[in-house]
Amino acid sequence: MFDARLRPLIDPPLNAVGRTLAATGLAANAVTAIGLGFGLAAAALIALGYPLLALPLLLANRLADGLDGAIARATSRTDLGGYLDIVFDFLFYGAVPVAFALADPAANGVAAAVLLFSFYANGAAFLTFAIMAERRRLETSRQGLKSLYYLGGLAEGAETILVFTLMCVWPDSFAVLAYGFAALCGLSAAARIATAIQVLKR
């Protein structure tokens, strides 16, 4: 929901840093992999009961996610880079709810499962439309330059990181936050499906 509005604010500094890093020879795919490492380390700390310690690593994951694209734009974008970016994002997004479930299965298990289901529905609606958009040669730059068609929704990256941050700061509120965000993701999935039906039936 907020990603497109944030782009004009965050892209210029990210692109500037991306150009600097690209000049050193640092590859975009290496930053993508480093970012995944940060994200999985954050999830491990959450599972061990240290969500506040996990927060800097969680934010470092998101910074790496922005920088890999900036480096790619400064050098060359590749299909492999786009693939790794999406897959590693999904691994990270799934790891955080699982980590909270492992930290306290009794309190968080069901809420984590509901949240993961909503992620699954939202991701399926998003990625499947991207395949169909590629077949129809549809393009959009609303979310910046992407490797695939990015169908916007109510629950996107900015909202997810905000909720994950709140979960780390107030872990005892995980269940409430998870159910609330799962509802938003469900609405986002429904809206994406409705949009896809309108576009693809033409």
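Which helices do the buried residues of H7 pack against? They pack against helix H4 (79–103), helix H5 (105–135) and helix H6 (157–169), with contact taken as heavy atoms within 4.5 Å. The model is a predicted one, in which local features need pLDDT of at least 70 and side-chain atom pairs count only at pLDDT 80 or more, while totals for chains, interfaces and linings use all residues. Residues are numbered from 1 along each chain as its sequence is written, and side-chain values use heavy atoms, with hydrogens and water left out.

Helix H7 covers residues 174–200; helices here are DSSP runs (H or I, at least four residues), numbered from the N terminus. Its 27 residues should span 39 Å at 1.5 Å a residue, and the end C-alpha atoms sit 37 Å apart, which agrees. The expected span is 1.5 Å times one less than the number of residues. Among the buried residues of H7 are Phe174, Phe181, Cys185, Arg192 and Val199, where buried means under 20% relative accessible area, exposed means over 50%, and partly exposed falls in between (1.4 Å probe, protein chains only). As for disulfides (a pair of cysteine sulfur atoms within 2.5 Å), a search of the whole structure turns up 0.

Over in helix H3 (residues 51–74) sits arginine 62. With a relative accessible area of 15%, arginine 62 is buried. Leaving aside residues up to four places away in sequence, arginine 62 touches Asp89, Phe92, Tyr93 and Ile161. The salt-bridge count comes to 2, going by a side-chain nitrogen of Lys or Arg within 4 Å of a carboxyl oxygen of Asp or Glu. One of them joins the side chains of arginine 62 and aspartate 65, at 3.2 Å from N to O. Both partners lie in H3, 3 residues apart, or about one turn of the helix. Aspartate 65 is partly exposed, at 22% relative accessibility.

Arginine 62 also meets aspartate 89 in a salt bridge, at 2.9 Å from N to O. Arginine 62 lies in H3 and aspartate 89 in H4, so this pair ties together parts that are 27 residues apart in sequence. Aspartate 89 is buried, at 12% relative accessible area. Put together, Arg62, Asp65 and Asp89 are linked in a salt-bridge network.

How values were computed: Helices (H or I, at least four residues) and strands (E, at least two) are DSSP runs, numbered from the N terminus.
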